[in-house]
Amino acid sequence: MPDPALLDNPVWHALDSLQKALGISEDDAALYDYLISIFAAVETPGNLETLTRLTSQGRILGLLTRPDEVAASLDGWDEMAQIPVHQMIYPNPTSDEAGHYGRRLNDDDAEAMFALAKLTEPGPFGKKTGQMGSYFGVDGDAGLISMAGERFRLPGWTEVSGVCSHPEARGKGYAFKLIKDVLRGIVAQNAGAFLHVRIGSPSEKTAVELYERLGFEHHQTMVVQILKRT
C-alpha cells in the first residue's frame, strides 16, 4: 500500500507534486485555480500566513485536514463551515476486468459535467474540475446523465470524486460501473484509491454502502474547513 500518511494532508501533497500546474504555490501554501477547485492547502496545518498572502479578498477556499489540525487562528479569514467527511481507501488495488463501461469525457464535455454536478451536488465542482484527472460518463437522450472521475492526485494515491447521476437515472447501477472504470485506470498506474463522503448528508448511508460494495474501507475522519478571505 502507498504511504497512508500522505492522506492526512492530500491536497498539499497533490499541489506540491502531480497537480502543481493546476494552481499557484509559494513556500508552504498552495491553491488550485478557482475554476478548477475551491481547495487549498498548507504544508503545516493551521498556519495560514502564506495562504493569506496568496489569496484575493472575497475568495472562498476549502481546507481538508484532520479534525485535530483545523485552523484556529483565522486572522484575515471568516469561517463559513466545518464539514466532517469519511475518508475511505481501496486497500486492495487490483482489477481483472478489461475495457470501460462509460465513455471517457473530455474538454468538450466540461459544460455538461458542470451542469450535472450543479444539479446533483456531489461536492465542490468547478467549470474546469474535469482537468484534474480522467472522467467517465454515461449519456441519455438529453445528454450526460452520470459520471465519475479523479480529483486529487498525489504520489501513490488518486482520489475518486465527482460521482453523480441525474435524479431520473438513479438506481440503474451507472455510478457503480463508472467508479469501476475510474478504479481500473488508477490500478493501471499502480496507485492506491481513496475518496471522501460527507458525514450527515442525505446520501451518506447510500454512498458508503456503495463504496463498501466496491471494496473501500473507512480510513479516518477528516474535516473540510470552508473559509472566506476578508
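# Contacts, rings and a helix pair

Trainee: Which residues does Ser 161 touch, not counting residues up to four places away in sequence?
Mentor: The model is a predicted one. Ser 161 sits in strand 9. Leaving out residues up to four places away in sequence, Ser 161 touches Tyr 135, Ala 148, Gly 149 and Arg 151.

Trainee: Is Ser 161 buried or exposed?
Mentor: Buried means under 20% relative accessible area. Ser 161 has 12% relative accessibility, so the residue counts as buried.

Trainee: How many aromatic pairs are there, and what is the geometry of Tyr 90 and Phe 216?
Mentor: A pair of aromatic rings is described by the distance of the centres and the angle of the planes. The count comes to six aromatic pairs. For Tyr 90 and Phe 216, the ring centres are 5.2 Å apart and the planes are at 40°, so this pair is tilted.

Trainee: How many residues apart in sequence are the parts that Tyr 90 and Phe 216 tie together?
Mentor: Tyr 90 is buried at a relative accessible area of 14%, and Phe 216 is buried at 2%. Tyr 90 belongs to strand 5, while Phe 216 belongs to the loop between helix 5 and strand 11, so the pair ties together parts whose separation in sequence is 126 residues.

Trainee: Why is the pair of Trp 157 and Phe 194 edge-to-face?
Mentor: Planes over 60 degrees apart count as edge-to-face. The ring centres of Trp 157 and Phe 194 are 6.2 Å apart and their planes stand at 90°, so the pair is edge-to-face.

Trainee: Which strands hold Trp 157 and Phe 194, and are these residues buried or exposed?
Mentor: Trp 157 lies in strand 9 and Phe 194 in strand 10, so the pair ties together parts 37 residues apart in sequence. Trp 157 has a relative accessible area of 1% and is buried. Phe 194, at 0% relative accessibility, also counts as buried.

Trainee: Which residues form one aromatic cluster with Phe 39?
Mentor: The cluster is made of aromatic residues, Phe 39 being one of them.

Trainee: How are helix 4 and helix 5 oriented to each other?
Mentor: Helix 4 (residues 174–188) and helix 5 (residues 204–214) pack with axes 11 Å apart, at an angle of about 45°. Their crossing is right-handed. The two helices are therefore oblique.

Trainee: Which residues of helix 5 take part in the contact with helix 4, and how do the contact residues divide?
Mentor: From helix 4 come Ala 175, Phe 176, Ile 179 and Lys 180, which meet Leu 210, Tyr 211, Arg 213 and Leu 214 in helix 5. The contact residues divide into six nonpolar, no polar and two charged.

Note on methods:
Residues numbered from 1 in each chain as written. Predicted model: local features only at pLDDT ≥ 70, side-chain atom pairs only at ≥ 80, totals over all residues. Heavy atoms only, no water. Axes fitted to C-alpha atoms, helices over the stretch in contact; angles between N-to-C directions. Helix = DSSP H or I, 4+ residues; strand = E, 2+ residues; numbered from the N terminus. Parallel < 35°, antiparallel > 145°, perpendicular 65-115°, else oblique. Left-handed = near helix turned anticlockwise from the far one by under 90°. Contact = heavy atoms within 4.5 Å. Nonpolar A, V, L, I, M, F, W, Y, C, P; charged D, E, K, R; others polar. Phe/Tyr/Trp six-rings, centres within 6.5 Å; stacked < 30°, edge-to-face > 60°. Buried < 20%, exposed > 50% of the residue type's maximum accessible area, 1.4 Å probe, protein only.
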